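Hello,

Here is the structure I promised to pass on. Please look it over; my notes follow below.

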Amino acid sequence: MTTLRRIHSWFPFLQKTASSAQCRPPLTCQHAASAITCHQHRLRAVATLHTRAFTLSARTLKNTDDDLKGGQQRFGSTMEETEEEDEDEDFIEDSEVEELFQQQVPTGIEGHHRVFIVHPDVKWGSRKQYLTTAELMMAEAVGLVNTLDNWKVVDQIILSTKTPQKKRIFGKGNFEFLTEKIRQTSGITAVFVNVERLYPLSERELEEAWGVKVFDRYSVVLHIFRCNARTKEAKLQISLAEIPLLRSRVKNEIANLDQQGGKSRYIGGSGETLMEFQQRLLKEREMKIRSVLEKLRKKRHLLRSQRKHKEFPTVSVLGYTNCGKTTLIKALTGDSGLQPRNQLFATLDVTVHAGQLPSRMTVLYVDTIGFLSQLPHQLIDSFSATLEDIKHSDLLIHVRDISHPETVNQKVNVLNVLKNLQIPDRLMNSMIEVHNKIDLVDDYQPAEPNTMSISALEERGLDELKAAVEKDIVNSTGKHILDLEIDLSTPQLSWLYKEATVQDVQVNADEGSAVVNVIISTAAYGRYKKLFVGR
């Protein structure tokens, strides 16, 4: 009866799936009874699968041009909306995004966890880390766990391995030693294996050997993202990033069922196996999420176009997670709404903040998501809509935590991510490298050329940084610094204040004229000449 009730609970979901696909009739109680009669043993096994995997909603997701809360413009008035909201089937409501977001939580990761961290120290081969040490990588893993409020590190171990590609990662002796140590440590609810991604078979075998949930960096970082997600776009991108995780775990669990009861059976006479059914649902969900994100990408493009039309230069501030990007933007703009937090991945959404350069030119600083080492490309791909803003900037500022013992390795990781994102050469070549947190280093002297040393927290070195930003913005945007002689009896001066950046005005009262030093774009200068020159 328990199994029958479980199958019956799937009816609305399966009926919606059939209705939306218009290719299969709804599942009926008669079908379910037949399925139970024919495959009773299998259904008992199926009932042990994670309920969440079977309750993936198949309701039609609807897209919208959502107000990008994470990308709200914090300067002046809100930009006008120039596109009408779609009222068709592509509309998606906040409640549906939230339902999608909550239903896809990978099982076993929520709640309180007492964690044992295992770091495999690879001795040689392609997976060996040459720019860091096992101790520093363990310290970062501890930092990831400590970022989560309900997680606590109970114990940790660094164990050497020559076979990281094998299912058990370690050789027989080290694996037996590790298993015994885990079993003897009381109160453990999870083991965090500090590798980029575990194979599904490895995850299953380790969980069977240790008797607790096993997580990798991909799982832990995604969970941190979940805890920090606030906007619709962030939640959708996280949901997209979780689909490969869910897909591999479905394969793993169904393979386990096949070992227990033979080959996959068909569901209720639908002609579809359990594996095919699950994979189809995940594929449909992935397509819907990508469709929504594509509309949000178009909205971002619209906002960027509006900023370009208003001729606001944009400066993307990027770097390794917790390097001080938000603190720096707050210091550069004086935006009291920014509240930097000393934790990993505190920023998941792009936000834009206006600041003034020494010439009183207004620029927009874009706060971006932080980077991290050893992240699978699927995670970066899922956040491509957010990271795309970097490509369309006029200038990049790479912030480094120069006090961190792994600052060199962090720089390499950031540059590798930018390379994978195919950032244009013009931006890479003009990027300003900023050494932040010099207040934490005694008598800091930069060891690398063409860098700027600052303390965003103590607001040291900011004037020099602003001057460098202004110089590079003028070069990258094609603006001109000109001395224009104007007639004060005409509206020339007021026009220049409106359409350009007026730096200085030298008035000649006797002649009723003035010499105005301005920073002006090529387009604005063309309009100026058309309006006022040669008349």
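Contact here means heavy atoms within 4.5 Å. Helices (H or I, at least four residues) and strands (E, at least two) are DSSP runs, numbered from the N terminus. Axes are lines fitted to C-alpha atoms, for helices over the stretch in contact, and angles run from 0 to 180 degrees between N-to-C directions.

This is a predicted model: local features need pLDDT of at least 70, side-chain atom pairs count only at pLDDT 80 or more, and totals for chains, interfaces and linings use all residues. Residues are numbered from 1 along each chain as its sequence is written, and side-chain values use heavy atoms, with hydrogens and water left out.

First, the sheet. It is open, has 4 strands in the order S2-S1-S3-S4, and its pairing is parallel. Two strands pair if DSSP finds at least two bridges between them. S2 (151–161) and S4 (213–215) are the edge strands, each with a single partner, so one side of each has no neighbour in the sheet. Neighbouring strands are turned by 25 degrees against each other on average, direction ignored. S3 (residues 190–193) and S4 run parallel and are joined by 3 bridges. Phe-192 stands opposite Phe-215 in S4.

Two helices lie across it. H10 (residues 217–228) lies across S2, S3 and S4, at about 110 degrees to S3.

Next, a helix pair. The axes of H13 (residues 325–333) and H18 (residues 462–477) come within 11 Å and cross at roughly 85 degrees. Leu-328, Ala-331 and Leu-332 in H13 meet Leu-462, Leu-465 and Lys-466 in H18.

Best wishes
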